[in-house]
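I opened my notebook for a friendly first look at a protein model. Here is what I looked up, entry by entry.

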Amino acid sequence: SLIKHLFLSLIFPTFNQMKQLQTHKKDLNKARVISKQIDNDIGPDEVLLRIEKFSFTANNVTYGVAGDTIGYWKFFPAIENSDNSWGCIPVWGFAEVIISNNENIEHGERVFGYFPPGSTLIVKPTNVSKQNFIDGKEHRKELPRVYNNYVRINAERDYDISMDNIRALLFPLHITAFCLCDALEERNYEGASQVIIISASSKTAIGLAQGLAEKKNTPKIVGLTSKNNTQFVKNLDCYDEVISYDSLKDLGNELSVMVDMSGNKLVLSSLQESLGHNILKCLTVGMTHWDKSNTMEEAIAQAELKERTEFFFAPTHIQKRYNDWGKEGYNQRTTIFMNARAKQSLNWMTIKEISGLDNFIKIYKEIVSGNINPNEGIIVSL
């Protein structure tokens, strides 16, 4: 154990230092990078992962907004946090096994999954198969299983390392897009003649619109976005109509189902005013225009359409389809969807890589404020 410790200290100079990007739970604009000396002693059957890279999108902002409501703050407790006012917004990315006390997990193998925005993570693999494992840490047992799953890269067929960044960026978003497509189709689009997607330039919205566009007999797909992003959204060629927020009067007065990625109360109020009872359902998915005084729960409670508003939680739909289709059937359908979206992303998304948490913190504040180009995908390399 001592030899292993010294060996790792030589290879990874920061082995004994944990770094985390932490967010103030009551004000997502406030962030800090905390370092702490740790011994990284791990228990029986546990594994120490060194986080290599992760993505950060507006979807992660929603994790922060819903941190208390859904429990996102519980996944990765913040270090040096005596008053519990700081939390770690979960991220998706890749990590390498640098110590393994688990006979089923090999030193040096790589995994894809859910991580803190930081340098290391200790997991306790359970339900281990060649393809994946579940983190069985006590504090994660009651949290949604989909977030506790880690994919073992070594076992993947036709693995392509050049797709790692796209996977980290789009996998979590396009799983949600797949679930939305599937749920809307199953509900026969609530009987609507148009699907209105608010914050149409967001990556989840793009995946949803692309998925709907390839289906037969879908209602008209309408994208709402800011004036600055209108041309970008039109060029995607997956929306039947694109309307800016300051031209909502151009929206036809048709029976509508809305998918809200923004949480923008002004836009929702304007839509309520113009469409009224023609809004059959509003599925709330994200909070890209979050109000720092609101939690997700409060935002929904204050919604103009609260009696017709439903918070769409993808893990619940995933579990439903696991039960309906089985794991293999679910994986087959989602793989087809994800591969199609990944190929399409090559036409519109530019990946921007940032080195280290200290450099990322500046970009983090821009993303939280909504000041980022929609065609950019942010990857943080550690």
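This is a predicted model: local features need pLDDT of at least 70, side-chain atom pairs count only at pLDDT 80 or more; totals for chains, interfaces and linings use all residues.

**Entry 1: a loop residue.** With those terms ready, I looked up D45 and found it in the loop between β2 (27–37) and β3 (47–56). Is D45 buried or exposed, or something in between? I read a relative accessibility of 40%, so D45 counts as partly exposed.

**Entry 2: another positive phi.** I then turned to N84, which is not a glycine either and has a positive phi near 60°. Where does N84 lie? I found N84 in the loop between α3 (67–70) and β4 (86–87).

**Entry 3: the whole chain.** Stepping back, I listed 10 helices and 18 strands for the protein. The radius of gyration is 21 Å, close to the 21 Å that the globule rule gives for 382 residues, so the protein is as compact as a globular protein of that length. I also looked up the box that the C-alpha atoms fill, and along the principal axes it is roughly 70 × 45 × 35 Å.

Entry 4: How many of the 382 residues count as buried? I noted 57%. For the surface, I wrote that the protein exposes about 17400 Å², with carbon and sulfur atoms supplying 47% of it. Looking at contacts with a separation of 6 or more, I saw that residues 24 or more positions apart account for 72% of them.

**Entry 5: charges.** I looked up 42 positive and 45 negative side chains. The centres of the two sets lie 1 Å apart.

**Entry 6: cysteines.** How many disulfides does the protein have? The count comes to 0. C282 is in no disulfide either, and its nearest cysteine sulfur, that of C181, is 17 Å away. I checked burial as well: C181 counts as buried at 1% relative accessibility, and C282 is buried with a relative accessible area of 1%.

Definitions and conventions. Residues are numbered from 1 along each chain as its sequence is written. Side-chain values use heavy atoms; hydrogens and water are left out. Helices (H or I, at least four residues) and strands (E, at least two) are DSSP runs, numbered from the N terminus. The radius of gyration is taken over C-alpha atoms; the globule rule is 2.2 Å times the number of residues to the power 0.38. Buried means under 20% relative accessible area, exposed over 50%, partly exposed in between (1.4 Å probe, protein chains only). Contact means heavy atoms within 4.5 Å. Accessible areas come from the Shrake-Rupley method with a 1.4 Å probe; for residues, only the protein chains shown count as cover. Lys and Arg count as positive and Asp and Glu as negative; His and the chain ends are not counted. The place of a charge is taken as NZ of Lys, CZ of Arg, CG of Asp or CD of Glu. A disulfide is a pair of cysteine sulfur atoms within 2.5 Å.
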